Amino acid sequence: SFPTRRSSDLFPSHDKVGIAQVLPEAEEGQAALNGEFSKFVSIGAQFGQSADNVLDAARSVGRLYGQGGGDADVGAKNTEILTAQAAKMATTDNFEMREAVLGLESALSQFNMQTEDSNLLMARSTHILDVWTKLAHTSGASAQDLTEGVKQSGAAANEAGVSFGFLNALIATGVRTTAKSGSEIGTMLKSLFASIQSDRAVKAMQKFGIEVYKVGENGEKELRPVEDLILDISKGLQTTKLDSKSLSDFMLAISGGKWQSSKTIALLKNYNELKRTIELTKDSAGFTDQQLALQMDTVARKVETLKANIAKLFMSNGNNGLLNDIKWILNLLNSLLEKSQKGTSHAYQFAKGVLAIVAAFKLLPPTPFKPAPDGGGVSSGFSAGFSAPAFGSSFGTAGWSADPWSSAGGDGAPLVSPVSSGFSFFLSSSSLFIVTGK
């Protein structure tokens with residue numbers, strides 16, 4: 001007999017407990033919990049991610065968004081949105097689901113983009129993904145570099161008034177120019193954002209020839225946006241006549257220290273690349289979906305989609321016997337493979353003989369055969385258990401009719417090879433021989 005396993009084993013109880021803990025909606029009952037599970041497994045199938053990875057990501061997202069500000073329905077919806085976005089990012093940018101979740105959560109948090117508004121959450125997270133995916137495919141930085149850079153410098157950038165797109169353009173340019181990691185570039189940028197508005201940096205920029213202040217809307221003098229200051233510095237470095245000592249002193253003043261000045265000057269000297277990456281971030285809308293379509297058309301992603309769909313099928317239909325039926329079939333196939341691998345030379349000859357018979361059988365033309373009036377006879381006797389359709393679709397033999405009971409003449413006689421039923425029985429017996437070893 002073949003071993004059996006309950007359908008609930010596909011989704012261990014601790015997974016269900018984890019989802020129930022972070023999604024109040026799932027606590028309404030078993031049906032609600034199964035419904036949430038089904039949604040997350042569907043996300044895995046849609047984006048080519050495993051059910052386990054999606055559920056793990058959902059638990060992480062649910063801790064922040066699952067409560068929905070007291071509205072369980074909103075919490076569940078927002079958790080689904082961000083889990084799907086993380087799955088999309090993992091697929092398009094070759095991420096681990098867990099890392100994709102952490103990167104997305106960090107960006108939303110550091111730029112104060114967290115919200116309970118589902119539409120706004122979708123729009124903001126989509127913008128983040130588009131910027132990262134666009135730069136990861138068109139610059140010298142990977143999506144991992146970009147997320148790590150944002151983790152290090154996102155809060156400082158937001159405090160300095162630097163946009164998400166501009167920050168990532170700086171990170172991408174820094175990674176490409178210095179060959180340093182995204183995390184190192186992020187640390188350097190964090191220092192730059194904290195220093196560039198200091199009195200020391202303002203004086204150094206004025207001496208360098210940068211227009212630091214502007215007249216605000218209320219008529220008062222105010223500091224120009226940090227993004228504008230950085231671009232002006234980068235442009236000025238292309239034509240500066242400063243000697244190396246003076247240039248070093250200037251970079252020390254704006255970068256925050258000697259440990260960051262060399263990376264800062266390397267980044268800012270690459271003005272053309274910085275401008276190019278900035279434009280890429282402005283033209284990134286919809287890029288993630290374009291790349292997703294390409295990634296999903298690969299064998300690896302289709303396999304993950306199939307696995308997720310099977311898991312969903314088991315979860316929804318496992319208790320009615322379908323699970324055990326499918327497992328019986330899979331165990332049968334595994335037994336066939338194991339027997340063939342461990343078989344002796346005469347077993348190999350036997351298998352080769354079966355294949356030879358199949359090849360010869362393809363040359364046999366179908367011939368009319370009319371079953372006995374009472375439905376008995378050779379044809380009906382074998383068709384019940386070993387009919388041509390059962391094997392025809394697998395072997396594709398030309399000698400077997402795809403529909404053995406289709407009418408072949410005015411008297412309704414079907415097209416069935418006189419030996420098809422016998423051969424079906426022979427092949428079935430051969431399979432049994434391989435499985436049992438008898």
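Select Thr147: this residue is buried, with a relative accessible area of 3% (buried means under 20% relative accessible area, exposed over 50%, partly exposed in between, with a 1.4 Å probe and protein chains only). The model is predicted: local features need pLDDT of at least 70, side-chain atom pairs count only at pLDDT 80 or more, and totals for chains, interfaces and linings use all residues. Residues are numbered from 1 along each chain as its sequence is written, and side-chain values use heavy atoms, with hydrogens and water left out.

Thr147 sits in helix H7, residues 143–159. Helices (H or I, at least four residues) and strands (E, at least two) are DSSP runs, numbered from the N terminus. Now show the surroundings of Thr147. Apart from neighbours within four places in sequence, Thr147 is in contact with Met89, Phe95, Gly103 and Trp132; contact means heavy atoms within 4.5 Å.

Next, select the whole of H7. Its 17 residues should span 24 Å at 1.5 Å a residue, and the end C-alpha atoms are 23 Å apart, which agrees. The expected span is 1.5 Å times one less than the number of residues. Where is the kink in H7 centred? Go to Ser153, where H7 has a kink of about 60°; the bend at a residue is the angle between axes fitted to the seven residues ending there and the seven starting there.

Colour the buried residues of H7: Ala143, Asp145, Leu146, Thr147, Gly149, Val150, Ser153, Gly154 and Ala157. Their cover includes helix H4 (72–92), H5, H6, H8 and helix H9 (182–195). After H7 comes Gly161, with a positive phi near 85°.

Move on to Leu167 in helix H8. Is this residue buried or exposed? Leu167 is buried, at a relative accessible area of 0%. Not counting residues up to four places away in sequence, Leu167 touches Phe111, Val150, Ser153, Gly154, Ala157, Val162, Leu189 and Phe193. For Val150, draw a distance: its C-alpha atom is 7.7 Å from that of Leu167, and the two residues are 17 apart along the chain.

The aromatic rings come next. The structure holds three aromatic pairs. Rings of Phe, Tyr and Trp (its six-membered ring) pair if their centres lie within 6.5 Å; planes under 30 degrees apart count as stacked, over 60 as edge-to-face and the rest as tilted. Select Phe111 and Phe164, an edge-to-face pair at 5.5 Å centre to centre with 85° between the planes. This pair links distant parts of the chain, 53 residues apart: Phe111 is in the loop between helix H5 (97–110) and helix H6 (118–138), and Phe164 is in helix H8 (residues 164–178). Phe111 counts as buried at 8% relative accessibility, and Phe164 does at 5%.

For another ring, select Tyr213. Lys221 lies over its face, 4.5 Å from the ring centre; a charge sits over a ring if NZ of Lys or CZ of Arg is within 6 Å of the ring centre and within 35 degrees of the ring normal.

Then visit helix H3, residues 51–65. The buried residues of H3 include Arg59 and Tyr65.

Finally, show the whole protein. The secondary structure comes to 21 helices and two strands. Of the 438 residues, 45% count as buried. Among contacts with a separation of 6 or more, 70% are between residues 24 or more positions apart.
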